[in-house]
Amino acid sequence: MRRSAVRPSPIFLALLAVTVAGGVLAALFPPPDVAEIIGGTVFVNSAERNYVGVAGIVLLVLGGWAVSLTLHEFGHAIVAYRGGDREVAHKGYLTMDIRRYTDPVLSLVLPLLILAIGGIPLPGGAVWINQWALRSRSVSSAVSLAGPLSNLLLGVLFTAAVAIFPGMPTGLLFGLSLLALFQVLAFVLNILPVPGLDGYGAIEPYLPPQAREFGAKARPWAPLVLFALLIAVPEVAEVFFSIAYFVFDAVGGDHTAAMVGMELFQFWR
């Protein structure tokens with residue numbers, strides 16, 4: 001690979017700067033102590049909120065989520081590039097420019113809607129890979145897996161940071177824990193074998209032609225059906241979150257800190 005093939009864009013660096021700035025604000029202006037946690041619900045005295053610190057948590061989580069969105073799609077692109085698809089470089093996918101990965105519905109409207117209503121973060125970008133240029137079925141599977149695995153890796157890194165620095169400021173603790181949980185949720189969601197999601201893309205090369213044809217027809221609407229079920233059917237959401245929390249526990253996540261982070265992040269509720 002040429003050295004110039006991968007070059008972080010100014011927008012990616014700006015997103016990193018926003019994330020770091022949010023972390024600094026969250027650390028310097030800590031939110032109030034949690035008043036109480038009852039039955040999984042966090043109660044914080046709104047009159048005592050430090051809104052500068054809360055703004056820091058919001059910036060940290062949103063900025064970090066945008067960075068992870070970029071890295072998720074970059075993961076797809078870099079593996080495809082190494083696997084034979086040189087077109088991804090010409091399309092700008094290796095620049096880590098979030099604008100290159102956006103689709104009006106998949107990347108902006110739908111992720112924000114699902115996050116606001118159901119608290120489910122969608123990676124939400126899109127890279128168009130020339131499957132015919134890839135060297136093998138295993139490479140095609142690896143391209144699909146690269147995105148969600150990047151989310152899992154970020155989740156591990158964030159939880160490791162919390163574990164390694166137990167005395168970190170509470171605002172930073174809450175923000176990083178929530179960001180770690182979002183990464184795990186994104187991993188579990190994307191790894192599901194549903195047409196249109198990365199988990200299906202990983203097994204698709206090995207499916208018989210009839211199944212692949214059905215998957216191609218289902219790809220536009222199958223994720224929408226899944227998201228609707230997660231929001232409207234409590235039993236489906238319970239199974240999904242149980243799996244996600246199992247993975248979150250496995251990587252050392254702090255449930256209580258993530259719960260408080262969610263309460264402060266969704267300050268408008």
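The following exercises, with worked solutions, concern a predicted model.

Residues are numbered from 1 along each chain as its sequence is written. In this predicted model, local features need pLDDT of at least 70, side-chain atom pairs count only at pLDDT 80 or more, and totals for chains, interfaces and linings use all residues, while side-chain values use heavy atoms, with hydrogens and water left out.

**Exercise 1.** Determine how the axes of helix 6 and helix 11 are arranged.

*Solution.* Helices are DSSP runs (H or I, at least four residues), numbered from the N terminus. Axes are lines fitted to C-alpha atoms, for helices over the stretch in contact, with angles from 0 to 180 degrees between N-to-C directions. The axes of helix 6 (residues 170-190) and helix 11 (residues 255-265) come within 7 Å and cross at roughly 100°. Helix 6 is therefore roughly perpendicular to helix 11, a term covering angles of 65 to 115 degrees.

**Exercise 2.** State where Thr70 lies, whether Thr70 is buried or exposed, and which residues Thr70 contacts.

*Solution.* First, Thr70 belongs to helix 2 (residues 51-82). Next, its relative accessible area is 0%, so Thr70 is buried; buried means under 20% and exposed over 50% (1.4 Å probe, protein chains only). Finally, leaving aside neighbours within four places in sequence, Thr70 is in contact (heavy atoms within 4.5 Å) with Phe12, Leu15, Met96, Ile98 and Tyr101.

**Exercise 3.** List the residues of helix 6 that meet helix 11.

*Solution.* From helix 6, the residues are Leu173, Phe174, Ser177, Leu178, Leu181 and Phe182. Their partners in helix 11 include Ala257, Met262 and Phe265.

Conventions
Helix = DSSP H or I, 4+ residues; strand = E, 2+ residues; numbered from the N terminus. Parallel < 35°, antiparallel > 145°, perpendicular 65-115°, else oblique.
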